[in-house]
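Here are some short notes to read alongside the model. Please keep the structure open while going through the points.

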Amino acid sequence: EILDTLFSGNEISLKASLFESKIHLCELSDANKQTLAKQYFIGQITMPEKVIVQTNKQVYRQREKVELTIENNSTHSILSIAVTERGTNNLDPNLLPKYLVDNPILIPFYLETAQVLDSAAIKQLEIILQLNSFPFKNIFSGKTVTYSWPPETSDVNIIALLRYKKSKEPIVGRIVYVSVLGSEPQLHVNRTQTNGMVYFSLTHSTDAKDVFICAESKNDEEIELLVLNDFSSEIPDFVDIPLEIDTTFRNQLEKNWKTLQVENQYKVLEKLKTEEKLPPPARFSKPDYHVETKDFIELSNVEEMFKEIIPYTRLKKKSGNYYFEVMDPAKNAVYDNPLILVDDVPLFNYNSLANLPFSIVESVDVYAKQYVYGDFVFNGIVIIKTKTDNFAGLFMPYASVFAVYKMITPEIIIESPDYSTDSTKQSRLPDFRTMLFWKPVAVLNENKKSFTFFTSNHDAVYDVVINGFTPDGKHCFGKSSFSVATKQTE
C-alpha cells in the first residue's frame, strides 16, 4: 500500500519494478476516505531466462533422425521438453486468448501460466483492464483460498476430524484406523490431536483403492468422523478456463482425425512403459498361529470356534457383552483389548461377531504377544478372514467411513519409435504422430545437452518448446521449429 497526498494538478510516479507481474488496483481517495477514482494496471512482466534450442537441420524427411541441442546459462536446470505439430498448442505471444476479453477475471491466472509476453500482448492486457475497470471493482476484495490438506510430500495424505455428534466438540487422543483394502492390504494407525484432527499417509498405493476409516468407539457413543480433504490428482477448482476451438482449427482437426483413423485401422498402439512395480506395503510379520477352518469339522458359530480350535485366544462374555483376550505363552501373560481385524477392517463390537456362523470363516491368524506397530503397541492381534464380500455383514461403528480413493497414478513413459534400421524405416505400418518427442523432466547437469528422436510420416511444421526452472527458481523458456516434408527442394 502506497500513501501520498496529492493536490490538483500534481502527479505521482511509481516504478513498475515495485510491482509483481499481476493485476494491481490503484485507488484515489479524498481526506474523508471517499473513493474518487480507481484504475487497474499490470506490474512489470518478469521475462523468463532464455534457453537456446537448436536442431541439426531445418527440414527433415519422414522417419529421419533429429538431433536436438539445448543450451542454458544455468547448470542443473530442470526442464520439460515437448516437440509437437504447430497448431496443437497456443503459444503465440502476439495474441491473447479471446476468452480474456470476455472474462478479464482470468487475467491473473493467465499471467501465472503464460510462457512469454511481448510488448503487443502487454499492451492488449492494459487495454482490457482499462475497458473493464468498472466490472473489476469487487473482484479481488477479500478473496482468499485456504486448504486443509497438507502438502503431498509423502504419497497420499488423508486428514480427518473426529468429534462428538451432538456437541460438535473435538475428541482428543482417540485412536483412528485406516484400512486400505484389496490384494495388498494396509493398516495405518494414528491418534487425534488436541483439535480433534488426525493425519495419515498412505504409502505404496497406486490407482484406485477401497479405503475404510474408523475410530475406536466406546459403548456405542455417538461420534462422527469427517474426512475434510483427501488427495486428488485433479487440479483444484479455481476458475474454469474455456477450451477455445473455432473455425480456425477446422483444417487441423480434420487432418488429425483422418490420421487417427488410419492408425486405428492398422491397430498401431503407442509403446507405453510403466515404472517398476512398487514394493509391497508395510504389513504384519508372520503370525504365531495360522488356522484354516477347512481342516476342522463344522462348528456352530465363531464363539465356539475360538473356544475349541483357535489357540491362545478367548472370546468371553461378561455383563451381556463379549470381550477378547490373547495369551502370550512365552511370558505367561494375558492381554485384553487386542486388535481384531475382520477382512482387514478393525472391529470393536464383538457381540455380533460371536454369533456368526462358523462356515463363513476361512482362516484366523493370531499374534499372541504384544506387537509394536510404529508408535503404537497392540496387545496381540487377531486377523479373521471370511468368505464374504461384505465384511460378514457386521455392524460398523458410528465413526466409520467407506470410500474409494484415487491414489498416485504410476508413471508412464512414452517410447518413440526407433527408425535407425532399414527394416523399421521401411515398415508399412503408418506413423502419424503429432507429438514426436516428450520428456517431462530433463535435468541439465551441464550448460548444453543433446537429445535424439525420429520424425513420423506426418508432413508438418513442428515446434520445440522448452519450459523449466533454474536452480534459483527462475522461470526459463525456449522455442524453435523445424519441418518434415516428403519432397524436399534442392
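**Notes on the predicted model**

1. Glutamate 292 stands opposite serine 363 in β21. The model is a predicted one. The pairing behind this contact joins strand β15 (residues 289-292) to β21 in the antiparallel sense, over four bridges.

2. β21 has another partner to look at: it pairs with strand β24 (residues 381-386), also in the antiparallel sense, over six bridges. Here valine 366 is set opposite valine 382 in β24.

3. Is β21 mostly buried or exposed? Strand β21 covers residues 361-367, and six of its seven residues are buried, so the strand is largely enclosed by the rest of the structure.

4. How many aromatic pairs does the whole structure hold? A search finds 17. One of them is tyrosine 177 with phenylalanine 348: the ring centres are 5.7 Å apart and the planes stand at 40°, so this pair is tilted. It links distant parts of the chain, 171 residues apart, with tyrosine 177 in strand β9 (residues 175-180) and phenylalanine 348 in the loop between β20 (345-346) and α6 (351-354). Tyrosine 177 counts as buried because its relative accessibility is 3%, under the 20% cut-off.

5. Phenylalanine 453 and phenylalanine 482 form a tilted aromatic pair, with 6.4 Å from centre to centre and 40° between the planes. Phenylalanine 453 belongs to strand β28 (residues 448-454) and phenylalanine 482 to strand β30 (residues 475-484), so the pair ties together parts 29 residues apart in sequence.

6. A disulfide is a covalent bond between the sulfur atoms of two cysteines. In this model the count of disulfides is zero, taking a pair of cysteine sulfur atoms within 2.5 Å as the rule. Cysteine 214 is buried, with a relative accessible area of 0%. Cysteine 476 also counts as buried, at 0% relative accessibility.

7. On the surface, Ile78, Val441 and Val443 form a nonpolar patch, and together they have about 240 Å² of accessible area. Valine 443 lies in strand β27, which runs over residues 435-444. Valine 443 is described as partly exposed because its relative accessible area is 32%, which falls between the 20% and 50% cut-offs.

Note on methods
Residues numbered from 1 in each chain as written. Predicted model: local features only at pLDDT ≥ 70, side-chain atom pairs only at ≥ 80, totals over all residues. Heavy atoms only, no water. Patch = residues over 30% accessible without salt bridge, like charges linked within 9 Å, V, L, I, M, F, W, Y side chains within 5 Å. Areas by Shrake-Rupley, 256 points an atom, 1.4 Å probe, with all protein chains shown as cover. Salt bridge = Lys/Arg side-chain N within 4 Å of Asp/Glu carboxyl O. Helix = DSSP H or I, 4+ residues; strand = E, 2+ residues; numbered from the N terminus. Buried < 20%, exposed > 50% of the residue type's maximum accessible area, 1.4 Å probe, protein only. Phe/Tyr/Trp six-rings, centres within 6.5 Å; stacked < 30°, edge-to-face > 60°. Pairing = 2+ DSSP bridges.
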